[in-house]
Amino acid sequence: MKKGIHPDFHQVVFQDSSTGFKFITGSTATSKDTITMDDGNTYPLIRVEISSDSHPFYTGKQKSAQADGAVDRFNKRYGLTN
């Protein structure tokens, strides 16, 4: 790698704004906010709106947004009754 052209890769803390869940990971993102974690180290803090802790796909609380199938819509519209 060429020196001086790549952004600084360092450890940061991402915090889910809705649940308070925090995790440490490597990133090039920076922030003026910092947080001291349980390990005693201070890291830049990046707040996010959605993480794996609050996203419906990962929590299993996903709502079915799928509409009725085309055949069901046809039957409702044109009244195929038994």
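Modeller: From the N terminus on, the elements of the protein chain follow the order β-β-β-β-α-α, that is, two helices and four strands. This is a predicted model, in which local features need pLDDT of at least 70 and side-chain atom pairs count only at pLDDT 80 or more, while totals for chains, interfaces and linings use all residues. Residues are numbered from 1 along each chain as its sequence is written, and side-chain values use heavy atoms, with hydrogens and water left out.

Biologist: Why is Q15 called buried?

Modeller: Buried means under 20% relative accessible area, exposed means over 50%, and partly exposed lies in between, with a 1.4 Å probe and protein chains only. Q15 has 18% relative accessibility, so Q15 counts as buried. Six of the seven residues of β1 are buried, and the strand is mostly covered. Across the 82 residues of the protein chain, buried residues make up 17%.

Biologist: Which residues does Q15 touch?

Modeller: Contact means heavy atoms within 4.5 Å. Leaving out residues up to four places away in sequence, Q15 touches G20, F21, K22, L45, I46, R47 and V48.

Biologist: Is G26 buried or partly exposed?

Modeller: G26, which belongs to strand β2, has a relative accessible area of 26% and is therefore partly exposed. Beyond its neighbours within four places in sequence, G26 is in contact with F9, H10 and Q11. Q11 also has G26 as its bridge partner in β2.

Biologist: How many bridges join β1 to β4?

Modeller: Four bridges join β1 to β4 (residues 42-48), and these strands run parallel, so this pair qualifies as well. D16 stands opposite V48 in β4.

Biologist: What is the order of the strands in the sheet?

Modeller: The four strands form an open sheet in the order β2-β1-β4-β3, with mixed pairing. At the edges stand β2 (22-27) and β3 (34-36), each with a single partner strand, so one side of each lacks a neighbour in the sheet. Neighbouring strands of this sheet are turned by 45 degrees against each other on average, direction ignored; axes are lines fitted to C-alpha atoms, for helices over the stretch in contact, and angles run from 0 to 180 degrees between N-to-C directions.

Biologist: Which residues make up the largest nonpolar core?

Modeller: A nonpolar core is a set of buried Ala, Val, Leu, Ile, Met, Phe, Trp, Tyr and Cys residues joined through side-chain atoms within 4.5 Å. V13, I35, M37, Y43 and L45, five residues in all, make up the largest one. M37 touches V13, K22, I24 and Y43, not counting residues up to four places away in sequence.

Terms used. Two strands pair if DSSP finds at least two bridges between them.
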